[in-house]
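Hi,

Here is the structure I promised to pass on.

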Amino acid sequence: TLAIALIPGSMVLVSLFSASITFILARGVLKRLGHPFSPLPSFREWQMPWWLIYGFILGLALVLAEDYLGGGIWPNVGKNIVFVYLPILLINGLAVAVYFYRRWKLTPILKGVMFFILLFNLPFVLPFFVLIGAFDPLFDYRRLKRKEKKEND
């Protein structure tokens with residue numbers, strides 16, 4: 001029944017994925033045609049706006065309020081909201097991880113060992129990256145907003 005309840009969230013995720021593929025293909029075609037456009041920031045500089053976290057909090061609240069609301073549609077709405085946010089937060093957490101992976105001055109052997117340890121512990125690492133992705137817009141671990149303010153001043 002959970003798979004049926006998450007069909008709307010799945011449709012949103014498939015739409016986001018197909019829009020991303022279309023964007024990448026359109027950029028490639030426009031680049032070949034010679035149209036100028038500003039480049040995307042590097043992956044390690046990607047960051048969600050801080051106010052986007054309110055949607056995730058709303059989804060969690062609706063899921064947790066299932067006992068108080070007596071079932072109905074609202075817990076399923078919350079599950080779909082959380083389901084849509086999880087990959088977005090994971091990508092944001094991966095951007096934070098890539099930023100620090102490149103920033104730390106470690107030997108290539110140590111970086112490789114760290115990468116393989118993370119790769120073989122995915123059940124623990126993925127939720128950690130989701131949490132990092134959720135808290136990064138609030139705490140700005142990479143200090144990207146401070147750099148942006150300095151550049152604008």
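A word on naming before anything else: helices (H or I, at least four residues) and strands (E, at least two) are DSSP runs, numbered from the N terminus. Please keep in mind that this is a predicted model, so local features need pLDDT of at least 70 and side-chain atom pairs count only at pLDDT 80 or more, while totals for chains, interfaces and linings use all residues. Residues are numbered from 1 along each chain as its sequence is written, and side-chain values use heavy atoms, with hydrogens and water left out.

Let's start on the outside. Tyr54 lies in helix α3, and it counts as exposed because its relative accessibility is 55% (buried is under 20% relative accessible area, exposed over 50%, partly exposed in between, with a 1.4 Å probe and protein chains only). Tyr54 belongs to a nonpolar surface patch together with Trp50, Trp51, Ile57, Leu131, Phe135, Leu138, Phe139 and Tyr141, and the accessible area of the whole group is about 990 Å². Two elements give two or more residues to this patch, α3 (53-64) and α7 (122-139), and α7 gives the most, with 4 residues.

For the record, patches take residues with over 30% relative accessible area and no salt bridge, joining like charges within 9 Å and nonpolar side chains (Val, Leu, Ile, Met, Phe, Trp, Tyr) within 5 Å. A salt bridge here is a side-chain nitrogen of Lys or Arg within 4 Å of a carboxyl oxygen of Asp or Glu. The areas come from the Shrake-Rupley method with a 1.4 Å probe, and for residues only the protein chains shown count as cover.

Now the pockets. The largest pocket has a volume of about 660 Å³ (a pocket is an open set of points on a 1 Å grid over the protein atoms alone, where a 1.4 Å probe fits, with protein on both sides within 12 Å along at least five of seven lines; lining residues have an atom within 4 Å of a point). Its lining has 20 residues, and Leu16, Ser20, Trp46, Ile88 and Ile91 are the ones nearest the centre. The elements giving two or more residues to that lining are α2 (7-33) and α5 (74-103); α2 gives the most, with 8 residues. By type, the lining splits into 17 nonpolar, 3 polar and no charged residues (Ala, Val, Leu, Ile, Met, Phe, Trp, Tyr, Cys and Pro count as nonpolar, Asp, Glu, Lys and Arg as charged, and the others, Gly among them, as polar).

The second largest pocket holds about 490 Å³ of space. It is lined by 18 residues, with Ala97, Val98, Tyr101, Leu118 and Phe129 closest to its centre. Here α5, α6 (108-120) and α7 each give two or more residues, and α5 gives the most, with 7. This lining divides into 17 nonpolar, 1 polar and no charged residues.

What about the loop between α7 and α8 (144-152)? Asp140 is found there, with a positive phi of about 50° although it is not a glycine, and Asp140 is buried, at 9% relative accessible area. Arg143 is in the loop between α7 and α8 too; it is not a glycine either, yet has a positive phi of about 60°. Arg143 counts as partly exposed, at 45% relative accessibility.

Finally, Asn76 in helix α5 is 70 residues from Leu6 in sequence but 7.5 Å from it in space, C-alpha to C-alpha.

Cheers

Note on methods: Points joined across faces, edges and corners; volume = space filled by probe spheres on them.
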